[in-house]
Amino acid sequence: MKKINILVVEDDVSVRNLIVTTLKLHEYKYEIAQTGKEALMIVSSQSPDVILLDLGLPDIDGCEVISTIRSWSNVPIIVVSARTEDNDKIEALDRGADDYLTKPFSVDELLARIRVVIRRLNTVDTSGSSLYQNGNLCVDFIAGTVTMCNEEIHLTPIEYKLLCVLCKNTGKVLTHKYILKEVWGTALENDIASLRVFMATLRKKLEEKDPTTKYIQTHVGVGYRMIKH
Ligand code: CA
């Protein structure tokens, strides 16, 4: 099997060393970039499989780097940010990053995040398909039906829309803003409270039929993710 090639974009030597040592130990290939410009060059010339991107870079803002990459590539991007950069992290997700890690992070966390995006890479792209299957959950986008463990679940129109947005972005962390825009067409801060309510009822309906599997993961202060099973 071809080795996964990871681009590490980080100007902080100690963080970069920790990441690189971890990647080596787990037999990943890697490239290093210390600036945003270098990162863009490597992405266009080497097409890495995954990008680990520090948001605080010396030249270009990390969020700008994401927007530029997203103009031509869907390569998974995991953002690495400091705790003080919480808003940047959310903006990074809004601009198309897949996931995030907050410094200081553990090696286990780092490896787990990488595994999640690689699983996404390895799943057949079903974005054009009218049937969605994940664990015991099945959504038929044409019929508009949802089943769990072969039993139909009755959702309200908003719950169904919410579920569709999550399914179509399985594995990816979606921000409140992104979900509000997709479902309601607005992104007003105070709608987050109603989003929470709808998400709670949706989750309850899914869990009633399959109590042992977790499908929707909450990211406090950030948003939600549909877990890939
Ligand atoms: Ca930095």
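Strand S6 (residues 131–134) and strand S7 (residues 137–140) run antiparallel and are joined by four bridges. Strands here are DSSP E runs of at least two residues, helices are H or I runs of at least four, and both are numbered from the N terminus. Two strands count as paired if DSSP finds at least two bridges between them. Across from Leu 131 stands Asp 140 of S7. The hairpin of S6 and S7 has two residues between the strands, and Gly 135 in the turn has a positive phi of about 60 degrees.

S7 also pairs with strand S8 (residues 145–148), again antiparallel and through four bridges. Here Cys 138 has Thr 147 of S8 as its bridge partner. Four residues lie between S7 and S8 in this hairpin, where Gly 144 in the turn takes a positive phi of about 70 degrees.

## How to read the model

Please keep in mind that this is a predicted model: local features need pLDDT of at least 70, side-chain atom pairs count only at pLDDT 80 or more, and totals for chains, interfaces and linings use all residues. Residues are numbered from 1 along each chain as its sequence is written, and side-chain values use heavy atoms, leaving out hydrogens and water.

## The parallel sheet

Now to another sheet. Five strands form an open sheet with parallel pairing, in the order S2-S1-S3-S4-S5. S2 and strand S5 (99–103) are at the edges with a single partner strand each, so one side of each has no neighbour in the sheet. From one strand to the next, the twist averages 20 degrees.

Inside this order, S3 and strand S4 (residues 77–82) pair in the parallel sense over four bridges, and Ile 51 has Ile 77 in S4 as its bridge partner. Helix H3 packs on the sheet, touching S3 and S4, and its direction makes about 155 degrees with that of S3. Such angles run from 0 to 180 degrees between N-to-C directions, with axes fitted as lines to C-alpha atoms, for helices over the stretch in contact. Helix H4 (residues 86–94) lies across S4 and S5, at about 165 degrees to S5.

Which residues of helix H2 (residues 36–46) are buried? They are Gly 36, Ala 39, Leu 40, Ile 42 and Val 43. These residues sit on the same side of H2 because they cover an arc of only 165 degrees around the axis, taken from the directions from the helix axis to the C-beta atoms. Buried means under 20% relative accessible area, exposed over 50%, and partly exposed in between (1.4 Å probe, protein chains only).

The buried residues of H2 pack against strand S1 (5–9), strand S2 (29–33), strand S3 (50–54) and helix H3 (62–70), where contact means heavy atoms within 4.5 Å. On the face turned away from the buried side are the exposed residues Lys 37, Met 41 and Ser 45. Just after H2, Ser 47 has a positive phi of about 40 degrees.

## Lys 29 on strand S2

Lys 29 is found in strand S2 and is partly exposed, with a relative accessible area of 44%. Leaving aside residues up to four places away in sequence, Lys 29 touches Lys 3, Ile 4, Asn 5 and Ile 6.
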